[in-house]
Amino acid sequence: DGSSTEGLANFPYAIPNVLVEAHNPNLGVPTGFWRSVGSSQNAFFSECFVDELAAAAGKDPFEFRRDLLGNAPRHKRALELAAEKAGWGTPLPAGRARGIAVAESFGSYVAEVAEVSMEGGVPRVHRVVVAIDCGPVVDRDIIAAQMESGIVYGLTAALYGEVTIDGGRAVEGNFDSYRMLRMPEMPVVETHIVPSTDSQGGVGEPGTPPIAPAVVNALAALTGERIRKLPLVARA
């Protein structure tokens, strides 16, 4: 099932032995596709794990990724542009940290750097810098808009995206009970396009996969705690 393994089966790093398995449990609850399909959760798994590998190796997360992307030039170019535009390695205000992630989905290569703090025990994302290689560009404004909306979607899922079942029914029936990202919580999003004449990819979904791991990796840099489960904010 390609939809289950996308985002992992195309693992870009120069690691010689990779095993990807997919298990489809019968939950008894209808499920459907969401924005970026399998790449969403799979980028979270892989990019958080790569960050843990960098920490174990005592390496900077950006440099560690770049060193392993010699056979994945489009990933590498997006990663380098996002890091450059975000000022990776430069000082931040006290109480803030950056996290980085890169993922390919639907033929496009997107890297994101998230600048994060904790406010009242809840993660606050202040800024997201995006670099995308989607091949030849037709309309830059549409690309920027799609990256912004993909980040809204991904942040909602990462922070609040939980559906609970009670008595065989979903408790969350509408937006009064399903928490979403609100306007005052929206980070500043900067989109940068990698000049490219390579094959053209989509822009409707690729902005979503890198945001959750970028945020979680920033939180790890800020707090020292590795998070392996979403959502980040428990329901009150």
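1. The sheet. Four strands make an open sheet, ordered E1-E2-E3-E6, with mixed pairing. Two strands count as paired if DSSP finds at least two bridges between them. The edges are E1 (96-105) and E6, each pairing on one side only. Neighbouring strands of this sheet are turned by 20 degrees against each other on average, direction ignored. Here axes are lines fitted to C-alpha atoms, for helices over the stretch in contact, and angles run from 0 to 180 degrees between N-to-C directions.

2. Basis. This is a predicted model, where local features need pLDDT of at least 70, side-chain atom pairs count only at pLDDT 80 or more, and totals for chains, interfaces and linings use all residues. Residues are numbered from 1 along each chain as its sequence is written, and side-chain values use heavy atoms, leaving out hydrogens and water.

3. Overall layout. The protein chain holds 6 helices and 6 strands. Along the sequence the pattern reads α-α-α-α-β-β-β-α-β-β-β-α. Both element types are DSSP runs, numbered from the N terminus: helices are H or I with at least four residues, strands are E with at least two. The radius of gyration is 17 Å, close to the 18 Å that the globule rule gives for 236 residues, so the chain is as compact as a globular protein of that length. That radius is taken over C-alpha atoms; the rule is 2.2 Å times the number of residues to the power 0.38. The C-alpha atoms fill a box of roughly 50 × 45 × 40 Å along the principal axes.

4. Burial and contacts. Of the 236 residues, 45% count as buried. Buried means under 20% relative accessible area, exposed over 50%, partly exposed in between (1.4 Å probe, protein chains only). Among contacts between residues at least 6 apart in sequence, 68% join residues at least 24 apart. A contact is heavy atoms within 4.5 Å.

5. Strand E3. E3 (residues 122-133) is mostly covered, with 10 of its 12 residues buried.

6. Nonpolar cores. Which residues touch the most other members of the largest core? Among its 32 residues, they are Ile132 and Val215. Helices H2 (38-57), H5 (140-160) and H6 (211-223), with strands E2, E3 and E6, each give two or more residues to this core. A second, separate core of 22 residues includes Phe64, Val113, Ala131 and Val194. A core here is a set of buried Ala, Val, Leu, Ile, Met, Phe, Trp, Tyr and Cys residues joined through side-chain atoms within 4.5 Å.

7. Isoleucine 132. Leave aside neighbours within four places in sequence. Isoleucine 132 then contacts Ser108, Tyr109, Val110, Ile143, Met147, Thr191, His192, Ile193, Val194 and Val203.

8. Helix H2. H2 has 20 residues and spans 28 Å from first C-alpha to last, close to the 28 Å expected at 1.5 Å a residue. The expected span is 1.5 Å times one less than the number of residues. Just after H2, glycine 58 takes a positive phi of about 70 degrees.

9. Proline 184. This residue lies in the loop between E5 (169-170) and E6. Proline 184 is exposed, at 64% relative accessible area. Asparagine 26 is 158 residues away in sequence and 39 Å away in space, C-alpha to C-alpha.
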